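Colleague: Could you walk me through this model? I would like to go over its chains, its domains and one of its helices.

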2 protein chains.
Amino acid sequence: MTAYAAERVQHEGLRAKIMPAEQAAEFIHNGMTVAVSGFTGAGYPKALPTAIAERAKAAHARSEAFAISMITGASTAPECDGVLAAANCVSFRNPFQSDPGIRNSINAGNTAYQDMHLSHVEQQMRQGFYGDFDVAVIEAAGISADGKIIPAMGIGHMNEAVKAAKKVIVEVNAAQNAKLEGMHDIAYDIGVPPHRKPIPITGPFDRIGSPYLECDTDKIVAVVLTESGDRNSKFADPDENSKRIAAQIIDFFSHEVKAGRLPKNLLPLQSGVGNVANAVLAGLLDAPFDDLTGYTEVLQDGMLDLIIAGKMKSASATALSFSPDALQRFNDNIEFLRDKIILRPMEYTNNPEVIRRLGIIGMNAMIEADIYGNVNSTHVMGTKMMNGIGGSGDFTRNAFFSFFVSPSVAKDGAISCIVPMVSHHDHTEHDVMFIVTEQGMADLRGKSPRRRAKLIINNCAHPEYRDQLNDYFDRAEKAGGLHTPHLLLEALSWHQRFVETGDMRVK
Amino acid sequence: MTAYAAERVQHEGLRAKIMPAEQAAEFIHNGMTVAVSGFTGAGYPKALPTAIAERAKAAHARSEAFAISMITGASTAPECDGVLAAANCVSFRNPFQSDPGIRNSINAGNTAYQDMHLSHVEQQMRQGFYGDFDVAVIEAAGISADGKIIPAMGIGHMNEAVKAAKKVIVEVNAAQNAKLEGMHDIAYDIGVPPHRKPIPITGPFDRIGSPYLECDTDKIVAVVLTESGDRNSKFADPDENSKRIAAQIIDFFSHEVKAGRLPKNLLPLQSGVGNVANAVLAGLLDAPFDDLTGYTEVLQDGMLDLIIAGKMKSASATALSFSPDALQRFNDNIEFLRDKIILRPMEYTNNPEVIRRLGIIGMNAMIEADIYGNVNSTHVMGTKMMNGIGGSGDFTRNAFFSFFVSPSVAKDGAISCIVPMVSHHDHTEHDVMFIVTEQGMADLRGKSPRRRAKLIINNCAHPEYRDQLNDYFDRAEKAGGLHTPHLLLEALSWHQRFVETGDMRVK
């Protein structure tokens, strides 16, 4: 591996800093704040985390403390969050994660986790809200002769990480396609108030920066060579429920185009992570819309296939997260895709200024919604963290249309995704425009809470839960306040019933 | 009155359309959607609402239906929302209100109310989310010879209202200071995606539009003359609690300036409506900061006095809402103030793009916060609407610093403003940076929920409630999920206890 991988490091001075991961890990000490690249299973370091974990385990074996604060772009993978969690050496973590190991560490109280809007991460690092960053560990596809870094499949917060950190460790991954060079658009940066200027992005494919990540080469203390793929999780094939959800959204788009309220090629599409959101994009393959555009955090299989099929003309993202099959299609078509996909730092991708200006159509998965249109994206039964809010808040609040999608029930009907009150609020009634399940869609725009409740219960809830929801709503109306009727002691009882009996249904 | 007031209407064609309010009200029919100017007790029509209410009462006496959908800038006053609510003729209302009459109508289920982020209002009107607007009723300080409208003390959504409505009725109010002419800055408009451009505001005092509101004079079907003041509610003098809250925020500013993380003149200040937020600004009169700037929705007494005292060099708002004394000071100093205060449409004032770019310091009052940093700004005991979210969400999510302030207890200690779980979520844990009561401040930045809980309970809660809160938190930790520990059946029990016993305290 090494000889081939070393060719990716064209800069002489940095070539001299090539070293094994174990040696590079010695720059990481207990108590450090470390910025680690990675965004939704793409662009995370493959070797350093294991080496750091080994250092931690050795320290723990000597009864010495060893833990770091770790700030990523978004989620990473088993060989990053997973190995570090297993070594119990992540004392603080933000802003998003999805690895079962780190999730367990969070819910067991071993890792303090701050769940953040992704648009806040880079600016808060820059504004000094997290103090000093000791080290940044980032993945790249290569380093040019003049020391410029070619990012790999994800950028995330790398632009800020290399600026904020005192020392930088670069993993150069020869398994990443060398033709990624040129697909990135890196601007530095939106600055610190009061000296900020407008972000000059007026269309999803506007380039405003450089294809390279620039970093003072003196700050780069180590280059580590790797040759291993990204997480590349498989998506489930769209099932009947996902197809029904997709069909309703597409019908609505057709209706709005016909009414002249939406351009024929729609507006830039954002799609959250996951099977259902991905299925909506798959549904657009056969829909009567052309020249689509994408402006999204993570570009997944569904959007890739729209581009390859010629239905979507261009897309902007901060990371590419593909199944193994889709990765193959990406690599096979990379010459075609190079001028149709742009990767930007998350600070631009998720920026409210750009999202609102472009008029994004935001489509995000949810854990549950309540009868008044509040949405829980993060917590299982009110107390345990799932993955985090990610960029769903950045997109939802600033979208032209904001959709939340979910099958109406989970666990064979034991969990209803429509509940009297969500057990955690990530998106409030003020932000959510459409709830869509396989049962139907509720258009919440311009409606009071009680009108929303009727629509959500009757259109979106599973028939098996409708009586139970209507019963709650009717009794809450009789109890008093008629703006947002609730029974305070019963509002969260469905979740408690599930915790106790494994079923939300009243038997 | 009429002769003097008529001089304010310089346009000949429009002068011919001067008519009594009763006659103008005949343009309003049952079932209409009406855009009505007004923003926080300023700039609302003084005569038409009463005339419309009379039409409604007459219709109801004939057993005929008469109700309108009414979309304002923000809150109005008794002679607008109040008289219409008393006539029971508001079937739908958004986006913000604070009149007791309309509030009662909402909570009794007679008026369907949609509580909205103010930054969403104008764009959703323009994007067709509310269907057609039949009539706009707006207040002005005058009309120029070429038919341009000089707004009065508030702009709010007037720029969109006159564009969206088929017919426009202008109330020209001779009681408004004629020297308001030139203080407004009206831009049309941020447009509809995908054709939006950056908003070219890079400083709080940038002018980007015209001092006049332009409206096709053919659409103006009536001009009504009035001569009566705005709501001009009195503020309470800052009490001991408010002064303590202000002192902590000011101390924090000093600390941040010293650390180099905040400019010496701070960043543009936003202050929510109400006594406590106003008191924080009053506290800045004696603080060691000069050349302050304001970028806020509503400019109230506190900010006015900072400008008059020479501590604040300029401020941007969408409305001026003064106590009677402050109004006098405003009128006395209007020549001095004319080039220091700018009034813009709410679409610009509240725009996330501008708020985030400028790096606003947002300071808003709250009803309650919970131990994890979620904030309720709108609901009393979970079910009844107070005033609405207003612009607090626009500012909070995009602020450089976001503060929520409240005395730690209300009703002689029977209500704690720190509770286990807020009874309604308007600002989530992801958005709230600082909670401040007279007891102390909790800096929530970069902290996990459990660390936030310790800070909020120990720093902010009233001593009489700390044991009760710690007891809840301790038992919740023992119950399971250690990311956001909660006891689901007990989380809202404090509110229920208050509903039943009039006291949140466990006796």
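Modeller: Happy to! This is a predicted model, so local features need pLDDT of at least 70 and side-chain atom pairs count only at pLDDT 80 or more, while totals for chains, interfaces and linings use all residues. Residues are numbered from 1 along each chain as its sequence is written, chains are lettered from A and ligands numbered from 1 in the order in which they are written, and side-chain values use heavy atoms, with hydrogens and water left out.

Colleague: How much area do chain A and chain B bury between them?

Modeller: In terms of contact (heavy atoms within 4.5 Å), 79 residues of chain A touch 79 residues of chain B. Buried area is the accessible area, with a 1.4 Å probe, that two parts lose on being put together, summed over both. Carbon and sulfur atoms carry 57% of it here, and the total is about 6700 Å².

Colleague: Which residue of chain B meets A:Glu353 in a salt bridge?

Modeller: A salt bridge here is a side-chain nitrogen of Lys or Arg within 4 Å of a carboxyl oxygen of Asp or Glu. The rule finds 2 of them across the interface of chain A and chain B. For A:Glu353, the N to O distance is 3.0 Å and the partner is B:Arg357.

Colleague: Which element gives the largest share of the side of chain A that touches chain B?

Modeller: Helices and strands are DSSP runs numbered from the N terminus, with helices (H or I) of at least four residues and strands (E) of at least two. Elements that give two or more residues to that side include H7, helix H16 (392-398), helix H15 (352-358) and H19 of chain A. The largest share is 5 residues, and it comes from H15(A).

Colleague: Now within chain A, how large is the area buried between its two domains?

Modeller: The domain assignment, which is automatic or from a database, gives domain 1 (1-226) and domain 2 (240-464) of chain A. Their centres, taken over C-alpha atoms, are separated by 28 Å, and 49 residues of domain 1 are in contact with 52 residues of domain 2. Carbon and sulfur atoms give 61% of the buried area, which is about 4000 Å².

Colleague: Which residue forms a salt bridge with A:Glu347?

Modeller: Between domain 1 and domain 2 of chain A the count is 3 salt bridges. The side chain of A:Glu347 takes part in a salt bridge at 2.5 Å, N to O, with that of A:Arg126.

Colleague: Last one: which residue just after H19(A) takes a positive phi?

Modeller: In H19 (residues 493-501) of chain A, the buried residues include A:Trp494 and A:Phe498, buried being under 20% relative accessible area (1.4 Å probe, protein chains only). Their cover includes helix H18 (463-479) and strand E16 (368-370) of chain A. Just after the helix, phi is about 80° at A:Gly502.

How values were computed. Buried < 20%, exposed > 50% of the residue type's maximum accessible area, 1.4 Å probe, protein only.
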